[in-house]
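The following exercises are to be worked with the sequence and the coordinates at hand. Each task is followed by a solution in steps.

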Amino acid sequence: MKFVSACFLLFFSLCVYAQKTETLYLSGKGLGNTITWNFFCSNGHKSGKWSKIEVPSQWELQGFGEYTYGRWYKTKGAVPSMETGLYRYSFKVPAAWKGKSIRIYFDGVMTDADVKINGMSAGDTHQGGFYRFSYDITDKIKYGAKNQLEVFVRKHSLNKSVNAAERMADWWTFGGIYRPVWLEAKPTSHIQHVAVDASSQGVLSAKIQFNNLKKGCHLVASISPVGTDRGTFVPQSISLQDTVSVQRISVNWKGVKTWTPETPNLYLMTLNLLNEKGEMIHTYQERIGFRTVEFKPKDGLYVNGTKVIMKGINRHSFHPDGGRTTNREISLQDALLIKEMNMNAVRFHYPPDTHFLEMCDSLGLFVIDELAGWQNSYDTSTGLKLQREMLLRDVNHPSIVLWSNGNEGGWNNALDQHFADYDIQKRHVIHPWADFNQLDTHHYPAYLTGVARFTNGYNVFMPTEFMHGQYDQGHGAGLQDFWDNYTRHPLFAGGFMWDFCDNAVNRADKGGILDSETFNAPDGILGPYREKEGSYYTVREVWSPIQIKKQYITSSFKGEFMLSNNYLFTNLSQCTMKYQIYAAPSPLKGGQQSLLASGEVVLPSLHPGETGRAVMQVPENFFEGDVLQLEAFDATGKSICNWTWPIHYAADYFQKQRALISSDETALLTESDSTVTLSAKHVTVTFTKQDGKIISVLNSLNKQVPFKEGPVAVGMKMKPIRSTCRMDGTDAVFCVNYVGGVDSIVWRMSADGLLNMNAVLLNRASGGGGFDDAFMDEQVYNLGLTFSYPEEECTGMRWFGRGPYRVWKNRVPGTNYGIWHKDYNNTITGESFENLVYPEFKGYHANLYWATIENKETPFTVYSASDGVFLRLFTPEEPKGRQDGVNTMPDFPAGDISFLFDIPAIRSFKPVSQHGPQSQPGNIRIKKGDEGIRLNLYFDFRNK
């Protein structure tokens, strides 16, 4: 009866006396939502006079002051921009707020802030640019009247350690009030702060700080599911100690759903403070998640009793048009992009925007929250204040599973013990890049790491930076090897790539160009406006929670796939999978992709870590198709990943496309002292007898096709020794024999106008090259044949193969079989911000079946009847801003269009030699009796 009476009284009190915290924003809430204040800038652009500025913002992007990149100290004699800004804003406080407790909050100011209200100082100068701070201004406010806010901001701090921690760093260092400013009004007796530990067993423990707690007060605690109407939980009444300002409570609810990245269940926690009469004094609300985080030395990181592996990315709070001023929409976009890459974790170099943490809570991402300190730390007194501010703001986010004290030497050891002062969960503390506190966070590890650590060590291993993505390097390059190797180790807890997006800022002082400070900031897997680079899709496939064992589709295919469940918490039976079969005809048969059949794939019930067999019902027309695609969906119906396979090998596919030749047609052979010409269907191709190279191609309209000066050997030597020509039935044939890596090339013009190049590489069966011993090479970077073609005459490419992105030897995953098209572009990855077109046009493309090289007047198509051929199309330009002129990409072969059986890997921060097997140079060993390698291509120069 006592409980029922309390509930009735609670209901009555909620209706009559409820007092929630009231909020009044003095600024906007983020990029695109601002309020105009008065502003005076001391130096640089638009300085020396009163003007207007949007708040929140970085003043450089509003046209004030000077831009500085944080590595300014690398240039001898350089000094950073040090302008100051004075802000003024008038605001009115509701008369009804009189008698309440009023605080002003700043969510982020770079870097020192002195605040005055109506000419009176609000408190001590705040130093530190990434933290929420506040002042009690109850006694300084005029109620029902106008008030004057004045904020003096120093971009460069007067505190040397703050500059060392925040402004001597590998990022843009801006100035200004860049996050929101607001007032909060609360009853004089109120709940000031709550730190919770909501365990996976449904126990809610909390440390509560009260302000002016009166005698006889008590709490009523309740929770309700967020975003769903499932279930209700009975409120619980909790007695309090009279007038004690800090108290601990514990309540237990049965039937709560736990928070994980795969099931991010959230609850709205409501704490109602009632006086001794049962009247509501104050209501405190916050979203929480029930989950238990444990770090076990020499074991791993556990969430809800499950050992986790974090698939993570490092992210800055950044947008080109706002600097570090972002908004909820950007946070949502970024969190969704991270989830789409099948990542489950994110790390920062400083506390991010609160709305991004809210996205991590609601969408499901593990978080490492970091006290700033790029490679230098705050002094202890400053660090303690900023640590407190970070923890008071962020402590209740269920997404946060680890605290980070600085980065790469930017830690102050005196602060480590004090994380637990504010975090009753006592989450583990790390020092990124160090082997500290029994968790090794070694940055940019090699494939084999190493002596007395990880491979041969016994501490939990979790690199907080790896796979550095400068320009087109990193992220997906070699990831498969790294991940396969690391995840085999029982002490591996995951890793975090560097980093999320290119930090190219809109330079208001340079006409709005995007500037990534040369090679310093184009490190993203995404462009500055979140354009997707090729590695985005590689990561999505390598980190897919469903992994399919490699297989080929052959005539014996029965619709079965071996797959593994790489989820942490989800049974595979909760997911779904669909198949689609496409016809991908070549230009010989129209060239338009179409859907032939689709259906469901039956997934087995597999617990995380288990492997089993998935089955699809193979339709009758299956082998009429050319591409099989599988697409998997998670329990919410969101796409996880898609995979494709060609249904036919290259030679079979080509023969299926090729029409029968009429028996009354024949090709022509013309020979001179120095040339051989093959022709049919008005197509004419002329070769030199001496070296067997193409010197002229005329299409069926008698127009010159600029494909010539080949074949030239790539990755081997090739010296012609003799040539012959003949008619073979209706075909005209030109054969060249060589010594070196190429045995022979037979050119055959058939009556239908198709020119076949059948090259026998590295053959030792016939001894035609004059060798009887083995051919060996342990350092193969490119291998095949190349031709010349003027880049300026190419307008685009349409092809059947893996696409649409270019590949490197160690970054093929993420591309899929299909018919693709892209117009010519000259995108320089991570630099062409004025015209950033993805996918890039130039580079290597995997598993060629056919490609049409588009030209306004003389397009042509090449078909591969050999499997596994890479098409190289031109040479990408190196970034102009690259470091010291050092190339970011491996050397490309000579020529412009190449057909290759091996291509080079690209580095990921570390040299390729420190990567895994798939990044290493190829090796060849051909012995007498081997059939060798055959490159079998068909060229269609007809103007169709």
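The model is predicted.

**Exercise 1. Determine the strand order of the open sheet of 7 strands, and identify its edge strands.**

Step 1. Reading across the sheet gives the order E35-E36-E39-E38-E37-E40-E41, and the pairing is antiparallel.
Step 2. An edge strand pairs on one side only; this applies to strand E35 (546–548) and to strand E41 (639–646).
Step 3. On average, and with direction ignored, neighbouring strands of this sheet are turned by 30° against each other.
Step 4. As a detail of the pairing, strand E37 (residues 576–583) and strand E40 (residues 627–633) run antiparallel and are joined by 7 bridges. Within this pair, Thr576 has Phe633 of E40 as its bridge partner.

**Exercise 2. Describe how helix H8 packs on the sheet, and decide whether H8 is mostly covered or mostly exposed.**

Step 1. Helix H8 (residues 534–542) touches E35 and E41 of the sheet, and its direction makes about 95° with that of E41.
Step 2. A residue counts as buried under 20% relative accessible area. By this criterion 8 of the 9 residues of H8 are buried, so the helix is mostly covered.
Step 3. The buried residues are Gly534, Ser535, Tyr536, Thr538, Val539, Arg540, Glu541 and Val542.
Step 4. Their packing partners are H3, H7, strand E32 (494–497), E35 and E41. The two edge strands of the sheet, E35 and E41, are thus included among the partners of the helix.

**Exercise 3. Locate the largest nonpolar core and name the residues with the most contacts inside it.**

Step 1. The general expectation is that nonpolar side chains tend to be buried together in soluble globular proteins.
Step 2. Here the largest such core has 64 residues, and Met497 and Trp543 have the most contacts inside it.
Step 3. Among the elements that give two or more residues to this core are helix H3 (328–340), helix H5 (380–394), helix H7 (479–487) and H8.
Step 4. Leaving aside residues up to four places away in sequence, Met497 touches Gly312, Ile313, Asn314, Met343, Phe466, Met467, His475, Leu479, Val539 and Trp543.
Step 5. A second, separate core has 54 residues, including Val685, Trp747, Leu755 and Leu783.

**Exercise 4. State how many cavities of 30 Å³ or more the structure holds, and which residues line the largest cavity.**

Step 1. There are 7 cavities of 30 Å³ or more.
Step 2. The volume of the largest cavity is about 70 Å³.
Step 3. Its lining includes Tyr69, Trp171, Trp172, His316, Trp498 and Cys501, together with Asp170, Asp499 and Asp523.

Note on methods: Residues numbered from 1 in each chain as written. Predicted model: local features only at pLDDT ≥ 70, side-chain atom pairs only at ≥ 80, totals over all residues. Heavy atoms only, no water. Pairing = 2+ DSSP bridges. Helix = DSSP H or I, 4+ residues; strand = E, 2+ residues; numbered from the N terminus. Axes fitted to C-alpha atoms, helices over the stretch in contact; angles between N-to-C directions. Contact = heavy atoms within 4.5 Å. Core = buried A, V, L, I, M, F, W, Y, C linked by side-chain atoms within 4.5 Å. Buried < 20%, exposed > 50% of the residue type's maximum accessible area, 1.4 Å probe, protein only. 1 Å grid on protein atoms, 1.4 Å probe; cavity = no way out; pocket = protein on both sides within 12 Å on 5 of 7 lines; lining within 4 Å. Points joined across faces, edges and corners; volume = space filled by probe spheres on them.
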